[in-house]
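Subject: Structure handover

Hello,

Please find the structure below, followed by notes on what was found in it.

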Amino acid sequence: MTGTWANWAGNQRASGMTVVHPRGPEEIARVVRRAAEEGRRVKVAGSGHSFTGIAVPVDVLVVLDRHAGVVALDRRTGLVTVEAGMTLGRLSAVLAEAGLSLTNLGDIDAQTVAGAMATGTHGTGERYGGLATQVRGLQMVLADGSVLDCEAEVLRAARVSLGALGVVSTVTLQAEPLFPMRAEEGPMGLSELLDRFDELAGSVDHFEAYWFPHTQRALVKRNTRLPPDAALDRLPRWREWVDDELLANTVFGWVQALGRRFPSTVRPLAQVSARGLAPRTFTDWSHRVFTSPRRVRFKEMEYALAREGFVPVLRELVEAIGRSDLRISFPVELRVAPADDIPLSTASGRDSAYVAVHVDHATPHRDYFDLVESVLAGAGGRPHWGKLHSLDAESLRPRYDGFDGFVALRDRLDPCGRFTNPYLDRVLGPPGSAA
């Protein structure tokens, strides 16, 4: 079947490719073998939540909506194996029913497990790494159609693979007993946030903050893990609906639409939004605290910087935005993560802090993102693989000790570029380009 494809934000599109919906590793392998015989390239697009062209199909689009079940779940060990097309939201529900949960999650759970893993999706917490750090096993269909149970070097690299090594069939993750978290959210002055950033980030298990450009106000979220038997103290349903649906989605969507039509309203509305921040405290299961519904579509850039020396760079960014004539209607998101050993993880080899910036999906982003990138990339930042950036292989190579090793592995597993596309050629170099 020939079809069209667009990502969630609508800024990446493709048409004219063959669309297939395989089920099981053997059907996936047949798709890849046939593509190899015909000299065609294969991509898996997941849920389309990447803003870069990382998943844009060229010849064959593999949709794993029929390959999205549970393969095995061991309540005793906490190991769960799922098919690659399962979404994080569905996985969290399955785990919760079994009395288990993932250790950490980002704030959106619509992504497929394989897509979130491949792009280095992460949450926050200076002791708790991203989704890829929870991976214990992978099965992958290689460029020749063979099925590989990944071990050693391949497993280590394939946890953040950019979709460049093969089609992931199943993922085994390490879960833990289901646990609640106490969420404390409230406003804070920007100066206090900057002065106390390291203290705040280290004072709780999962810390994040949102600064509202054109204001001196921020929203700070401090989430604390509690024992499995701790009592829940959920928000009243009316308050949850008002905060998370009416204000964070419906009203926020109106604000974005108004700002697009009347740009002069953006800065006054930012002041109103920042002054309207209301504190709240509640306790709920971790997956309900980590994630929130996101119905307002946007485009995003995110950079990871070394945690050491992060605050001076953040101050520079705040000053650069303040000097500009930009009108920014989305808050700037700040998170942290510990170092890991995954070659192309944005936290590879260094404790990290993250800055994420957004614009409405229909708003031009280039001027804003270029300004942000000039500060963050200039400070040695590493871009999130699924979020907009302009770096290429030449500029990315010195930012990762394991970059050349990963590219060499890619060239060994996929010498003909079966799984490449223009974005991967840009950020990794074309097949055969290993240094």
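The buried residues of helix 12 (residues 403-413) pack against strand 8 (135-141), helix 4 (152-158), helix 11 (393-396) and helix 13 (422-428). Those buried residues are F403, F406, V407, L409, R410, D411 and L413. Buried here means under 20% relative accessible area, with exposed over 50% and partly exposed in between (1.4 Å probe, protein chains only). Packing rests on contact, that is, heavy atoms within 4.5 Å. Helices (H or I, at least four residues) and strands (E, at least two) are DSSP runs, numbered from the N terminus.

Two notes on the source apply throughout. This is a predicted model, in which local features need pLDDT of at least 70 and side-chain atom pairs count only at pLDDT 80 or more, while totals for chains, interfaces and linings use all residues. Residues are numbered from 1 along each chain as its sequence is written, and side-chain values use heavy atoms, with hydrogens and water left out.

Next, a helix pair. Helix 9 (residues 310-323) and helix 10 (residues 366-376) have axes 9 Å apart and pack at an angle of about 150°. Axes are lines fitted to C-alpha atoms, for helices over the stretch in contact, and angles run from 0 to 180 degrees between N-to-C directions. The angle makes helix 9 roughly antiparallel to helix 10 (under 35 degrees counts as roughly parallel, over 145 as roughly antiparallel, 65 to 115 as roughly perpendicular and the rest as oblique). From helix 9, V313, E316, L317, A320 and I321 meet Y368, L371, V372, V375 and L376 of helix 10.

Then the aromatic residues. The whole structure has 9 aromatic pairs, where rings of Phe, Tyr and Trp (its six-membered ring) pair if their centres lie within 6.5 Å; planes under 30 degrees apart count as stacked, over 60 as edge-to-face and the rest as tilted. F51 and F298 form a tilted pair, 5.6 Å centre to centre with 35° between the planes. F51 sits in the loop between strand 3 (42-44) and strand 4 (60-62) and F298 in strand 16 (residues 298-306), so the pair ties together parts that are 247 residues apart in sequence. F51 is buried at a relative accessible area of 4%, and F298 is buried at 5%. Both belong to one aromatic cluster formed by W8, F51, F252, F298 and F330.

Last, H287, which lies in helix 8 (residues 286-290). H287 counts as buried, at 18% relative accessibility. Leaving out residues up to four places away in sequence, H287 touches S92, A96, L105 and L178.

Regards
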